[in-house]
Amino acid sequence: LVAEDDGATTVSMVFPPQPRLVRMARLASSALAAVGGADVDTIDDIKIAVDEVCASLIEAGNGSDVRVALSLAGERFEIVGATSGGLDVDPERFELSRQILRAVAERHELTMADGDVRFTVTCLLPPPEPDGA
Amino acid sequence: MSVTVNEGPDRVLVAVAGEIDTASSASLEAALLDAVRGGQHLDLDLSGVRFLDSSGLRALVVAQQAVVAQGGRVTLAQSTPLVDRLLEITGLDTLFLTSGSA
């Protein structure tokens, strides 16, 4: 589902917790970032961030669908991913994942409430170069 | 993802190509552990890797630990900027020799 509201473009996806479907989320994030004018390196970072969020949600969830919303508003690219469950994940992989998110994202947050696990990750697109640069 | 194994008497070269993510990392881990079961040193060619995430990194670490436990060494023979960056971000670059340091 693609929606536009108040200058933000949001791509929303709901998919079963199957690892092979994470690629779909990566492709969608890549396409949305390209629409926003992101360069190749930034697109790579966003794909990595989306992948890490989805991988952790699939591992953490209780079999429920994974819900992901990708929002582009100006230079701000936000990833919100959630599922039902706790955080029963491989701690060593998860620590690697957090280190990666710290490097590729401006900020990232994990919340657990009401039986849901939710990641909110913000990446910034570089400002467009001025004309003639 | 594809994995190609070239086995020698003392070293085994494993070339990995494609996307290493949560869907493929278990296969990679199994392939690496199978490749090094003879106790050889492991040379990794990751130049064909187009995508890598924490699941894939974890598979590499498990293989590295298995090789070291058998007295072997793991060398990163070829890589890509993306792989190098993720290894550096996570501090795992110190686990692997590079072809220049082997």
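**Fold of chain A and its interface with chain B**

Chain A is made up of 3 helices and 6 strands (DSSP runs, H or I of at least four residues for helices and E of at least two for strands, numbered from the N terminus). Read from the N terminus, its elements follow the order β-β-α-α-β-β-α-β-β. The radius of gyration of chain A, taken over C-alpha atoms, is 15 Å, close to the 14 Å that the globule rule gives for 133 residues, so chain A is as compact as a globular protein of that length; the rule is 2.2 Å times the number of residues to the power 0.38. Of these 133 residues, 45% are buried (under 20% relative accessible area, 1.4 Å probe, protein chains only).

This is a predicted model, in which local features need pLDDT of at least 70 and side-chain atom pairs count only at pLDDT 80 or more, while totals for chains, interfaces and linings use all residues. Residues are numbered from 1 along each chain as its sequence is written, chains are lettered from A and ligands numbered from 1 in the order in which they are written, and side-chain values use heavy atoms, leaving out hydrogens and water.

Turning to the interface, 17 residues of chain B are in contact with 20 residues of chain A (heavy atoms within 4.5 Å). B:Phe51, B:Ser54 and B:Arg58 supply 33% of the area that chain B buries against chain A, more than any other three residues (accessible area, 1.4 Å probe, lost on putting two parts together, summed over both). There are 6 salt bridges between the two chains (a side-chain nitrogen of Lys or Arg within 4 Å of a carboxyl oxygen of Asp or Glu). One of them joins B:Arg58 to A:Glu92, with the closest N and O atoms 2.2 Å apart.

Methods
Buried < 20%, exposed > 50% of the residue type's maximum accessible area, 1.4 Å probe, protein only.
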